[in-house]
Amino acid sequence: MKRCTKEWRENNMMKNRWPAAYQVIEKLEYAGFEAYVVGGAVRDFIRGVSANDVDVTTNATPNEVKQLFEHTIDVGIEHGTVLVVVKESIEVTTFRSEDTYSDFRRPDNVMFVRSLQEDLQRRDFTMNAMALTKNDELIDYFDGRADIKQKLIRAVGDPFKRFSEDALRMLRAIRFSAQLDFSLHGNTLEAIEMQHKLIDRVSLERVKVELEKIWTSNHVGKGMHLFKTSKLAINFPGDWKTYLDKWNRFLMFENVANGWAFFALMQQSNDINTLLNFYKCSNAEKMHVKQVLLAVEKLKKGHWTAYDIFQFNEEILIAAAYYAEIILDMNTPYENNDIQRLKAAIPIASSREIAVNGNELMEWKQEKRGPWIKEVLEKLTIAIVNGQVENERAQLKEWYFREYDN
Ligand code: ATP
Ligand code: MG
């Protein structure tokens with residue numbers, strides 16, 4: 001067995017790794033309570049990667065937690081969660097179990113319990129149901145560590161029961177599989193395949209969050225494949241099937257709305273707006289998708305005009321060129337740096353940069369303010385973008401009189 005040096009051990013102790021969580025646990029223990037780090041942070045620690053956020057669970061009630069710490073924020077007291085602000089903010093949640101379920105998603109009431117084991121038992125997957133003491137001792141009742149070693153996502157207890165208690169867990173399983181590159185354990189997958197219809201009970205807002213987490217993950221293709229093969233996708237409108245393999249090559253370009261644009265391009269007969277509304281996309285997201293689709297439409301002529309390049313922002317052009325190639329098998333002549341170069345070659349980036357303004361136009365034409373100004377500015381924009389006239393005052397004036405005053 002490999003021995004760790006003292007230095008290595010000290011650097012890797014919770015005290016140094018998660019000082020804020022350590023401080024919270026120490027204080028709770030000093031006051032006579034139990035407290036542990038739980039959930040995703042423990043999972044990521046065992047996987048050897050750094051955690052997003054560190055959550056603490058304790059047998060102290062929310063009120064007891066609030067009395068103990070100077071600065072706390074009520075973030076979800078009805079679920080037993082208090083945010084304790086020390087060096088950082090740490091979510092501290094009282095041991096709890098959820099025992100009455102009516103709508104397959106939201107527990108009717110939260111029951112505080114006194115044992116850690118009961119708290120861990122209500123968690124979704126074995127990898128998420130471990131706890132760590134402040135001295136880094138692992139508490140692992142359900143063999144989460146062994147499952148992590150085997151890269152397996154396995155429900156805690158009976159997966160059929162656990163998914164009927166909360167159907168969101170089915171989608172979480174798939175999302176974690178895409179994020180971690182793990183497989184679903186046989187029974188866990190079978191339970192999803194058999195009970196996939198229960199996903200109807202989950203709000204679309206939550207579904208959207210999970211889909212977007214898949215799109216942001218490192219294994220999008222794997223996640224979307226599971227979404228389909230587990231039968232969950234059947235319960236959602238839109239064509240998730242025909243272009244399934246295309247998700248293997250999906251790139252998000254740092255904008256999650258691109259997931260919706262990619263999905264929209266896969267649709268043959270579905271009305272895009274209806275779909276985006278169904279999935280509760282925001283107006284900004286809908287706008288983004290429309291722009292990408294429009295840019296793809298323009299590309300069907302073989303290339304973009306200078307005005308197309310001017311009109312769409314770089315982000316839209318990059319997504320449209322790549323998605324047209326992936327989904328529609330179009331041979332697009334643009335690489336990302338071509339787009340940047342072409343964008344840079346357009347003399348103006350927006351019509352605000354035109355070297356004349358409304359006042360000057362009124363002077364030239366000797367006419368009062370009116371909608372005609374906007375029209376002329378639009379024409380000037382097009383002429384500048386197309387290289388028919390330079391964006392320079394004297395030349396614009398000459399161009400104006402040639403176009404309008406003959
Ligand atoms: P991430 O890194 O994505 O935040 P996480 O494991 O921390 O992963 P969260 O959604 O933040 O995931 O949830 C924290 C913990 O709460 C989980 O690790 C799990 O133990 C528990 N949990 C969350 N959602 C559920 C659920 N629907 N059913 C059961 N347990 C859940
Ligand atoms: Mg988390």
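This is a short talk about where ligand 1 sits in the protein and which residues surround it.

Hi everyone, thanks for coming. Before we start, please keep in mind that this is a predicted model.

Let's begin with the location. Ligand 1 is found in the largest pocket. Two helices each give two or more residues to the shell around ligand 1: H4, running 40–47, and H9, running 168–180. H9 supplies the largest share, with four residues.

Now zoom out to the domains. Why does ligand 1 lie between domain 1 and domain 2? Domain 1 covers 1–150 and domain 2 covers 151–236, and both give residues to the shell, so ligand 1 lies between them.

Who are the neighbours? In total, 14 residues surround ligand 1, and the closest are Arg43, Asp166, Arg169, Arg172 and Arg175.

On to the contacts you can pick out on the screen. Take Arg172 to begin with: one of its polar side-chain atoms is 2.8 Å from an oxygen atom of ligand 1. Arg123 also points us to an oxygen atom of the ligand, with an N or O atom of the Arg123 side chain 3.1 Å away from it. With Asp124 the backbone is involved: a polar backbone atom there lies 3.1 Å from a nitrogen atom of ligand 1.

And how much of the ligand does the protein cover? On its own, ligand 1 has 580 Å² of accessible area, and the protein covers 80% of that.

Technical notes: Residues are numbered from 1 along each chain as its sequence is written. Chains are lettered from A and ligands numbered from 1 in the order in which they are written. This is a predicted model: local features need pLDDT of at least 70, side-chain atom pairs count only at pLDDT 80 or more; totals for chains, interfaces and linings use all residues. Side-chain values use heavy atoms; hydrogens and water are left out. A residue is near a molecule or strand if one of its heavy atoms lies within 4 Å of it. A polar contact is a pair of N or O atoms within 3.5 Å; within protein, one must be able to donate a hydrogen and the other to accept it, and residues adjacent in sequence count only if both atoms are side-chain atoms. Accessible areas come from the Shrake-Rupley method with a 1.4 Å probe; for residues, only the protein chains shown count as cover. On a 1 Å grid over the protein atoms alone, a cavity is a set of points where a 1.4 Å probe fits but cannot get out, and a pocket is an open set with protein on both sides within 12 Å along at least five of seven lines; lining residues have an atom within 4 Å of a point. A molecule sits in a cavity or pocket if more than half of its atoms lie within 2 Å of its grid points. Domain bounds come from an automatic or database domain assignment.
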